[in-house]
Amino acid sequence: MKTLGDAWAWLTDSAHWAGDDGIWHRLTQHLVLTVVCLLLSCLIALPIALVLGHLGRGGALAVNISNVGRAVPTFAVLVLLLLTPLGKWGEGPTVVALVLFAVPPLLTNAYVGMRGVDRSIVRAARGMGMTGRQMLWRVELPLALPLVLSGVRIAAVQLVATATIAALAGGGGIGRIITAGFNLASTAQVVAGAVLVAVFALLVEGVFEAAERLAPGWARTRGSAG
Amino acid sequence: MTAIPDDCLARNEWICGEYLSTRRQILIDAVVQHLQLTAVSVLIALVVAVPLAVLARRWGWAAGPVLALTTILYTIPSLAMFSLLLPVYGLSAALVVAGLVLYSLTLLVRNILAGLRAVPEDTRQAARGMGYGPIRLLLTVELPLALPAAMAGLRIATVSAVSLATVGAIVGFGGLGNLIYAGMNTYFKAQVLTASVLCVVIAVAADLLLLGVQRVLTPWTRAVRS
């Protein structure tokens, strides 16, 4: 309980909010990193998944990438990238590692969503004279949307978590408050940083949850492909 | 002045046989610590998860809170989780184990519950008709039938735990993560790459081992497939 009090005192000290090491700057960094990497990973993963799903090819690949991704420690990839020439390029290693880890859930969910579309509906669309492109945009994608969005949600939460670990490897973000706390042997600061990150992650999850509830019935998530 | 030996260690190369032979003991110690952290965490999580899932299955009202709580725990980034537990456990291996247990819980509870729910009502009624009491029904019918789903969860939880354990380096108990962390600070390429590869090897080996266990435990699933 005493630690929580100390953490609260640390959090409410206005001196800790200002400056380049301040909470505001770290929060902004965390948010920008997450959003930029989420957009980048969507740009990479979704077109591939939609095309593969539409063609019905490469399914094993999409699912296996996701499983392999789990076995590779984020922290190890970050440090490996940091020691390559990429490491000299500021946030470069962080962005690359984050994107690498956000792509698999996006890819798998979007692919499984596309393949899950009822084949008789696809055949009906073909019978109506739709071209492949029309089928993809007007039939398959709308029906696959719940799973595609579920992938985006998983990726977003994963990005928030991974951006935290990036701080261990010299990256920015709220994790930096925690690592700095460890270096200063300040439990109050460590716990304060942890609370900030936890709240941040739960907020992101909450935003997606709320968006899902507001979405029309057919676009609601019915589960995830992992 | 002594001559600097011209080997791959001195040249700081990524792949270095010299490193393997001279730091053998350090590597073995790290692997053992990594295996202990992972195994202990997953076992504790399993011991906690089974009763939770069984309770959630028995009493429908318990399922909501149990799933919500474990999902919230899963959303909290790993570095934050370890940091939040710091006041309770201090800088110890128990801290890392506690964090990993909380992570594995979500995956295990979800999968075991899904497995229990998938047991056909006919089968349960047939067992009851044969005079099975609730305990015997659970132990000899429901849990074995839930095994494939439970094992799938166990595999994901184990692979994730292997990779997350590296983050324990922040408190000095990260197994191979310690070597990665130290290697990052000293720019020691061979150490970072070797430790990272060993992590992935452990994860893949654990996954294959569990797959084998699953095949031995559930001979009937093979009969159905063939």
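Modeller: Helices (H or I, at least four residues) and strands (E, at least two) are DSSP runs, numbered from the N terminus. This is a predicted model: local features need pLDDT of at least 70, side-chain atom pairs count only at pLDDT 80 or more, and totals for chains, interfaces and linings use all residues. Residues count from 1 along each chain as its sequence is written, chains are lettered from A and ligands numbered from 1 in the order in which they are written, and side-chain values use heavy atoms, leaving out hydrogens and water.

Start with A:L43, which lies in helix α2 of chain A. A:L43 counts as exposed because its relative accessibility is 64%. Buried means under 20% relative accessible area, exposed over 50%, and partly exposed in between (1.4 Å probe, protein chains only).

A:R26 also sits in helix α2 (residues 23-55) of chain A. A:R26 counts as buried, because its relative accessibility is 7%. Leaving aside residues up to four places away in sequence, A:R26 touches A:D20, A:D21, A:G172, A:G173, A:I174, A:R176 and A:I177. Contact here means heavy atoms within 4.5 Å.

Now the loops. Most residues other than glycine have a negative phi. A:A185 has a positive phi, near 55°. A:A185 belongs to the loop between α8 (175-183) and α9 (187-214) of chain A. At 65% relative accessibility, A:A185 is exposed.

In chain B, B:Y187 has a positive phi, near 60°. B:Y187 is in the loop between α9 (176-186) and α10 (189-217) of chain B. B:Y187 is partly exposed, at 38% relative accessibility.
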